[in-house]
Amino acid sequence: MSDMLQTEENVNTAAIEYPLNGEELSKLEKISNVLRKKIAVSCTGCRYCCDNCPQGLDIPSLLSAYNDYRDEAAALGNSSMAAWRLFRLKALPEEKMPAACIGCGNCTAHCPQALDIPFYMSEMANLLK
């Protein structure tokens, strides 16, 4: 929304109830299940983890690359053929790579999803070896 008129239009639209019927709910559930399977790590990119990372890692970006890798691996049925999805991380300086994670857990303590971020960093570091 870029102005008050658009805001008012959106509020008015949202105020009208349009309940979904059974068929629509069923389709929505199927779509939701497909999308959930595509996301290995449900990081929302809130960045709460970043402020508390002593290594200064861009955790959401790293987890996004991990999700791309896992999605491709699932689609191909072959994780080694999907490894190229992580190779873009090799452009990062050593100190910003997943292997720079010291496993302190500060990130997980501040993550609203309570993701085990050190685990994913370790897994990515092993994949990048």
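This is a predicted model: local features need pLDDT of at least 70, side-chain atom pairs count only at pLDDT 80 or more; totals for chains, interfaces and linings use all residues.

**Exercise 1. Contacts of I117**

Task: Which residues does I117 touch, not counting residues up to four places away in sequence?

Solution. Contact is taken as heavy atoms within 4.5 Å. By this criterion, and with residues up to four places away left out, I117 touches C49, I59, L63, C107, T108 and C111.

Residues are numbered from 1 along each chain as its sequence is written, and side-chain values use heavy atoms, with hydrogens and water left out.

**Exercise 2. The largest nonpolar core**

Task: Identify the residues that touch the most other members of the largest nonpolar core, and find which helix gives the most to this core.

Solution. Step one is the term: a nonpolar core is a set of buried Ala, Val, Leu, Ile, Met, Phe, Trp, Tyr and Cys residues joined through side-chain atoms within 4.5 Å. Buried means under 20% relative accessible area, exposed means over 50%, and partly exposed lies in between (1.4 Å probe, protein chains only).

Step two is the membership. The largest core has 25 residues, and I59, L63, L89, I117, M121 and M124 touch the most other members. Helix 3 (48-51), helix 4 (59-76) and helix 8 (117-127) each supply at least two residues. Helix 4 gives the most, with seven residues. Helices here are DSSP runs (H or I, at least four residues), numbered from the N terminus.

**Exercise 3. Salt bridges**

Task: Determine how many salt bridges the structure holds, and describe where the partners lie.

Solution. Side chains of opposite charge can pair when their charged atoms come close. The criterion is a side-chain nitrogen of Lys or Arg within 4 Å of a carboxyl oxygen of Asp or Glu. The structure holds three such bridges.

- K27 pairs with E23, with the closest N and O atoms 3.3 Å apart. Both residues lie in helix 2 (residues 22-38), four residues apart, about one turn of the helix. K27 counts as partly exposed because its relative accessibility is 48%, whereas E23 is exposed at 53%.
- R47 pairs with D58, the closest N and O atoms being 2.9 Å apart. This pair links distant parts of the chain: R47 is in the loop between helix 2 and helix 3, and D58 is in the loop between helix 3 and helix 4, eleven residues apart. R47 is partly exposed at 39% relative accessibility, and D58 is partly exposed at 32%.
- D68 and R88 meet through their side chains at 3.1 Å, N to O. They too join distant parts of the chain, with D68 in helix 4 and R88 in the loop between helix 6 (84-87) and helix 7 (106-110), 20 residues apart. D68 is partly exposed with a relative accessible area of 28%, and R88 is partly exposed with 44%.

**Exercise 4. Aromatic pairs**

Solution. Rings of Phe, Tyr and Trp (its six-membered ring) pair if their centres lie within 6.5 Å; planes under 30 degrees apart count as stacked, over 60 as edge-to-face and the rest as tilted. Y66 and Y120 form a tilted pair, 5.4 Å centre to centre with 50° between the planes. This pair links helix 4, which holds Y66, to helix 8, which holds Y120, across 54 residues. F119 and Y120 form an edge-to-face pair, 5.3 Å centre to centre with 75° between the planes. F119 is partly exposed, with a relative accessible area of 44%. Ring pairs link Y66, Y69, F119 and Y120 into a cluster.

**Exercise 5. A loop residue**

Task: Where does A114 lie, and is A114 buried or exposed?

Solution. A114 lies in the loop between helix 7 and helix 8. A114 counts as exposed because its relative accessibility is 55%. The C-alpha atoms of A114 and C43 are separated by 9.6 Å, although the two residues are 71 residues apart along the chain.
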